[in-house]
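The structure is shown first.

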Amino acid sequence: MKIAAVKVAVVALMVLLLSACATQQIGRDFDETQLSTFKPHETTMAQVITALGQPVEREASDQGTRLHYQWIKSGVSAASLIPFVHTTDQTDAKDAFLYFDKEGKYLRAETNETHDHA
Amino acid sequence: MKPNYRVVEADGWQLIETQPAPLPKRLVFFGAVFGFVLAFLATVFTPPHSAFIGAGGSHFLVFVIVGVPAGVWFFRWRAARTRRVPIAPFAIRWDAIRLPSGDIIARERIDRLVLSNTQQVSPVLVGGTGMRGATMLAQGEARERLASVSYAVAVEHHGGSSVLAAGLTLPQANALFVEVTRRLDGFQA
């Protein structure tokens, strides 16, 4: 009876771990379609942060400020842990670098998006 | 929301004391699991009548009692090392920053202020099967949890970089970054 209970507990623990680990995210998701609404020399940094949320990286210098938005989502099926079972894993990543002048006005953005499937 | 830093005026400087974010509970749990697995392996590879424990002794129980706290300690130590939390607060004036080390950096010597994550944050395709896949998943999960409390604010000067505050969550780090740029001459908050 005790052994059976321990077995159930171990299996439950493994399921819990696997379900929790099936998807990993780094950074924060952001709406990249908002970028086209920003107007150079008009939109302020505060307005950009209100629209996109807080950036994961910032750099400020005499020349101005750069904000970096990043979101990486790596999805893997728990079934892929079973030997010889073929499953599809995928990683989606998107980056946006937004540049501002010394007065905190938006200048331009550089974006990058990748989709890896294995 | 409770502020994550305190500003104290002293001798013309504004001393900024930050409170690092606590480690996520899941990370500590992973440390305990790591210790448990080590205890299991130690039990498997210990001869049945080893003089280390004594005949008839419960190897597994002893290894768990030692291994689990050791695993938790190891994960905490590793996290503390990679989060790079300074041991002292920094101070700021409109024309200079005093680093946690006590060195003073004049405003004209400051190249950039940087908010970033002290963990390696780059796309990693997690995959594989069996034990290898599970290990990669656990490592990715631990890395993700640790990264969420590993944001830092640093200053670049004289071709190098000095951490002002670290071990912060993203909202905490952003608030501190704005605070520093607001108080330092010539930066846009």
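This is a predicted model: local features need pLDDT of at least 70, side-chain atom pairs count only at pLDDT 80 or more; totals for chains, interfaces and linings use all residues.

Three elements each supply at least two lining residues: β1 (23-27) of chain A, and α3 (130-147) and α4 (170-183) of chain B. By class, the lining of the second largest pocket holds seven nonpolar, seven polar and four charged residues.

## A salt bridge between the chains

Over all chains, the count is eleven salt bridges. One of them pairs A:Asp62 with B:Arg107, with 2.5 Å between the closest N and O atoms. This pair crosses between chains: A:Asp62 lies in the loop between β2 (57-61) and β3 (64-75) of chain A, and B:Arg107 in the loop between β5 (104-106) and β6 (110-117) of chain B.

A:Asp62 is partly exposed, at 36% relative accessible area, whereas B:Arg107 is buried, at 10%.

## A salt-bridge network

B:Arg112 and B:Glu156 form a salt bridge whose closest N and O atoms are 2.9 Å apart. The pair links distant parts of the chain, 44 residues apart, with B:Arg112 in strand β6 and B:Glu156 in strand β7 (residues 151-157) of chain B. Salt bridges that share partners join A:Glu59, A:Arg66, B:Arg112 and B:Glu156 into one network.

Within chain A, the side chains of A:Glu59 and A:Arg66 meet at 3.2 Å, N to O. A:Glu59 counts as buried because its relative accessibility, 17%, is under the 20% limit. A:Arg66 is partly exposed at 21%, as are B:Arg112 at 27% and B:Glu156 at 21%.

Note on methods:
Residues are numbered from 1 along each chain as its sequence is written. Chains are lettered from A and ligands numbered from 1 in the order in which they are written. Side-chain values use heavy atoms; hydrogens and water are left out. Helices (H or I, at least four residues) and strands (E, at least two) are DSSP runs, numbered from the N terminus. Ala, Val, Leu, Ile, Met, Phe, Trp, Tyr, Cys and Pro count as nonpolar, Asp, Glu, Lys and Arg as charged, and the others, Gly among them, as polar. A salt bridge is a side-chain nitrogen of Lys or Arg within 4 Å of a carboxyl oxygen of Asp or Glu. Buried means under 20% relative accessible area, exposed over 50%, partly exposed in between (1.4 Å probe, protein chains only).
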